[in-house]
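Work through the exercises below with the structure open beside you. Try each task before reading its solution.

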Amino acid sequence: MSAFIDSTRTAISRAITEGRAAFDILDELCLAFETSVPGTKAGVTILDRSLGTFESATFPSLAPTYAEALKGIAVADKPGSCALAVFEGRTVISTDVATDTRFAAAWKALGAEHGLQALVSIPVMNAESKAVGTFVVAYPPKAGLSREDLQAADEFAELCGLVLNRGQEPGRH
């Protein structure tokens, strides 16, 4: 897996240098993760730090309604795993979204509507070690994620940080 991550890092660095749009690069990262860990769906949330809400999100393998529903969610309310991960600055794992008592009913319903049964949300950090979003991996609960999969997800979160910290505009171009 490390050779794959190294080649992905090289491709992402090249895309950043070429000035490609952040969302396009983030979509590529998500799809690359999904290819490397079959059965997963990956996405990225982006925080508006001044407002403390999610500004935008991209989940290339889910219906656009999922990402749209996350816009404007207040992190301090901690309705779901991404908000909790940003608020606490730590990885949050939910092995059963439908029964996870930490989260709001509306967030659970949104997950169910889009087939998200289990997931991990990893903070994406800026250069000052402050969360600027999350890298999210949904997975089939019976399959779970291996230690290697979780390590890869951590590395992909770091790659997302490179994209978001290089002065790229989060909006689509």
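Predicted model: local features only at pLDDT ≥ 70, side-chain atom pairs only at ≥ 80, totals over all residues.

Residues are numbered from 1 along each chain as its sequence is written, and side-chain values use heavy atoms, with hydrogens and water left out.

**Exercise 1.** Find how many salt bridges a search of the whole structure gives.

Solution. Begin with the criterion: a salt bridge is a side-chain nitrogen of Lys or Arg within 4 Å of a carboxyl oxygen of Asp or Glu.

**Exercise 2.** Determine which residue pairs with Arg-20, and how exposed the two partners are.

Solution. The side chain of Arg-20 forms a salt bridge with that of Glu-28, at 2.1 Å from N to O. For exposure, buried means under 20% relative accessible area, exposed over 50%, and partly exposed in between (1.4 Å probe, protein chains only). Arg-20, at 28%, is therefore partly exposed, and Glu-28, at 36%, is also partly exposed.

**Exercise 3.** Describe the salt bridges of Lys-71 and of Glu-88 in the same way.

Solution. Lys-71 meets Glu-68 through their side chains, with 3.2 Å from N to O; Lys-71 has 40% relative accessibility and counts as partly exposed, while Glu-68 is partly exposed at 47%. Glu-88 meets Arg-90 at 2.5 Å, N to O, where Glu-88 is partly exposed with a relative accessible area of 40% and Arg-90 is partly exposed with 38%.
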